[in-house]
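User: I'm new to reading protein structures. Could you walk me through this one, a question at a time?

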Amino acid sequence: MGIIPEVAVIRNVRISNTLDDEGKKTEKIEAVRYDCVNPDNFSTFTIKVETTRPVVTKEILDASEGPIYIYIPVEKVTIRPYEISYGNAKVSIVAPYVKLAEN
């Protein structure tokens with residue numbers, strides 16, 4: 001069993017914009033972040049995909065009757081710890097892409 005599942009439920013979709021030299025947000029989209037839930041153990045995680053278009057919009061997610069699943073190519077995902085405290089690690093998870101999974 002890996003750190004993240006191949007199929008996860010999307011809770012939220014967030015667009016990340018690039019910052020200019022002064023630290024202000026620009027109109028240019030840098031990445032899409034998906035807040036996900038592991039359907040096996042209900043743990044939550046956020047995955048960053050370096051793309052300019054989300055596979056599902058926040059509007060579609062909010063209007064959906066049931067859960068929306070995404071497929072994550074776990075063998076191509078980069079997981080890096082950025083903080084370790086009290087035995088817990090906070091990690092950044094970056095994927096080259098995700099796609100909608102068949103429900």
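**Starting from one serine**

Analyst: Let's start with serine 43, which is partly exposed at a relative accessible area of 31%. Keep in mind that this is a predicted model.

User: Where does serine 43 sit in the chain?

Analyst: Start with what serine 43 touches: leaving out residues up to four places away in sequence, its contacts are Cys36, Val37 and Asn38. Strand E2 covers residues 25-37, and strand E3 covers 44-49. Serine 43 lies in the loop between E2 and E3.

User: How far apart in space are serine 43 and isoleucine 3?

Analyst: Along the sequence, 40 residues separate serine 43 from isoleucine 3. In space, going from C-alpha to C-alpha, the distance is 10 Å.

User: Which residue in the turn of the E2 and E3 hairpin has a positive phi?

Analyst: The hairpin of E2 and E3 has six residues between its strands. Most residues other than glycine have a negative phi. Here there's a residue other than glycine with phi near 65°, and it is phenylalanine 42.

User: Is phenylalanine 42 buried or exposed?

Analyst: Phenylalanine 42 is in the loop between E2 and E3. Its relative accessible area is 63%, and the cut-off for exposed is over 50%. So phenylalanine 42 counts as exposed.

User: What about tyrosine 86: buried or exposed?

Analyst: Tyrosine 86 also has a positive phi, near 55°, though it isn't a glycine. You'll find tyrosine 86 in the loop between E5 and E6. With a relative accessibility of 85%, tyrosine 86 is exposed.

User: Okay, zooming out. What pattern does the chain follow along the sequence?

Analyst: The secondary structure comes to one helix and seven strands. Read along the sequence, these give β-β-β-α-β-β-β-β.

User: Which residue in E2 stands opposite arginine 14?

Analyst: E1 spans residues 7-19, and E1 and E2 form a hairpin with five residues between them. The turn of that hairpin holds glycine 23, with a positive phi of about 85°. Across from arginine 14, the residue in E2 is arginine 33.

User: And which residue in E6 stands opposite lysine 48?

Analyst: This one belongs to the parallel pair, E3 and E6. Opposite lysine 48, the residue in E6 is valine 94.

User: Which elements give two or more residues to the largest nonpolar core?

Analyst: The largest nonpolar core has 19 residues, and those with the most contacts inside it are Ile10, Tyr34, Phe45, Ile47 and Ile72. Phenylalanine 45 touches residues from several stretches of the chain, including Ile4, Tyr34, Ile72 and Ile93. The elements giving two or more residues to this core are E1, E2, E3 and E6.

User: Which residues are closest to the centre of the largest pocket?

Analyst: This pocket has a volume of about 200 Å³. Its lining divides into eight nonpolar residues, six polar and one charged, and E3 and E6 (88-95) each supply at least two of the lining residues. Of the 15 lining residues, the closest to the centre are Ile3, Thr44, Phe45, Val91 and Ile93.

User: Last one: what percentage of the residues are buried?

Analyst: The chain has 103 residues, and its C-alpha atoms fill a box of roughly 45 × 40 × 25 Å. To count as buried, a residue must have under 20% relative accessible area. The buried share of the chain is 32%.

Methods. Residues are numbered from 1 along each chain as its sequence is written. This is a predicted model: local features need pLDDT of at least 70, side-chain atom pairs count only at pLDDT 80 or more; totals for chains, interfaces and linings use all residues. Side-chain values use heavy atoms; hydrogens and water are left out. On a 1 Å grid over the protein atoms alone, a cavity is a set of points where a 1.4 Å probe fits but cannot get out, and a pocket is an open set with protein on both sides within 12 Å along at least five of seven lines; lining residues have an atom within 4 Å of a point. Grid points are joined across faces, edges and corners, and a volume is the space filled by probe spheres set on the points. Helices (H or I, at least four residues) and strands (E, at least two) are DSSP runs, numbered from the N terminus. Ala, Val, Leu, Ile, Met, Phe, Trp, Tyr, Cys and Pro count as nonpolar, Asp, Glu, Lys and Arg as charged, and the others, Gly among them, as polar. Two strands pair if DSSP finds at least two bridges between them. A nonpolar core is a set of buried Ala, Val, Leu, Ile, Met, Phe, Trp, Tyr and Cys residues joined through side-chain atoms within 4.5 Å. Buried means under 20% relative accessible area, exposed over 50%, partly exposed in between (1.4 Å probe, protein chains only). Contact means heavy atoms within 4.5 Å.
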